[in-house]
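Let's take a walk through this one together. Have the sequence and the 3D view open side by side, and we'll go from a strand pairing to the charged side chains.

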Amino acid sequence: MLRLGIISELGEGEHLGFARVSFDDSEIVSGWLSLPSSNSRTVKQWIPVEVNSQVACLMDDFCEQGCIVAVLWSATDTPPDWATPDTLGVRFGDGTEIYYDAGSHALTVNAPDAELNFRCKKLTVEGDVAITGDTEIKGDTEIKGDTQIKGDTSIAGNTSVDGDVSASGEVTAGPLKLALTTHKHTTPAGPSGPPIP
């Protein structure tokens with residue numbers, strides 16, 4: 001039979017993936033009941049469930065054996081504010097949110113207090129990329145296409161440029177900060193004479 005209850009305890013160790021449920025109408029606490037999951041073999045889905053969540057259970061007549069079939073919304077535990085018929089996602093206990101809105105074709109990762117780590121063989125991004133904040137790149141970097149840098153630029157290490165370089169402002173080099181347009185060049189005509197063609 002179908003029984004509604006409240007999760008009173010979550011399993012750990014050998015009982016991970018199970019929970020005890022309190023049925024207030026009969027003052028009974030169940031044994032360890034399996035939590036719901038869409039996959040549990042080689043493909044696994046894990047979504048944490050919290051104590052005091054309202055659940056629906058299929059139980060025998062004596063509430064000794066059964067399983068949790070669903071975690072239910074309630075007047076207290078309501079959907080996240082971005083939930084619509086077009087969205088799919090998850091909000092974690094620390095406030096981090098990951099959801100996709102098919103109506104606006106937007107995938108949102110809202111994790112202001114979390115670190116995001118990607119580890120893969122190759123990452124390919126197609127489309128415009130906008131980065132706000134400090135950016136660090138370790139390893140060889142190849143840029144194909146026109147590159148525009150607005151603001152101060154500092155390069156530590158050897159730099160090789162294959163092609164023309166155009167600068168609208170002053171260029172300085174070396175520990176003495178020699179200026180490209182104002183320092184004197186040694187030529188046959190003197191330190192400030194015309195350069196050799």
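Start by finding Leu 88: its bridge partner is Tyr 100, over in β8. Keep in mind as you look that this is a predicted model. Now zoom out from that pair to the two strands around it. Strand β7 covers residues 87–91 and strand β8 covers residues 97–101, and the two pair in the antiparallel sense over five bridges. Together β7 and β8 make a hairpin with five residues between the strands. Look there for Gly 95, which takes a positive phi near 100 degrees.

On to the charges. Side chains of opposite charge can pair when their charged atoms come close. How many salt bridges does the structure hold? There are three.

One of them joins the side chains of Glu 9 and Arg 20, at 3.4 Å from N to O. This pair links distant parts of the chain, with Glu 9 sitting in strand β1 (residues 2–10) and Arg 20 in strand β2 (residues 18–23), eleven residues apart. Are these two out in the open or tucked away? Glu 9 has 36% relative accessibility, so it counts as partly exposed. Arg 20 is partly exposed too, with a relative accessible area of 25%.

Next, jump along to Lys 138, whose side chain meets that of Glu 136 in a salt bridge of 3.7 Å, N to O. Both Lys 138 and Glu 136 are exposed.

Terms used. Residues are numbered from 1 along each chain as its sequence is written. This is a predicted model: local features need pLDDT of at least 70, side-chain atom pairs count only at pLDDT 80 or more; totals for chains, interfaces and linings use all residues. Side-chain values use heavy atoms; hydrogens and water are left out. Two strands pair if DSSP finds at least two bridges between them. Helices (H or I, at least four residues) and strands (E, at least two) are DSSP runs, numbered from the N terminus. A salt bridge is a side-chain nitrogen of Lys or Arg within 4 Å of a carboxyl oxygen of Asp or Glu. Buried means under 20% relative accessible area, exposed over 50%, partly exposed in between (1.4 Å probe, protein chains only).
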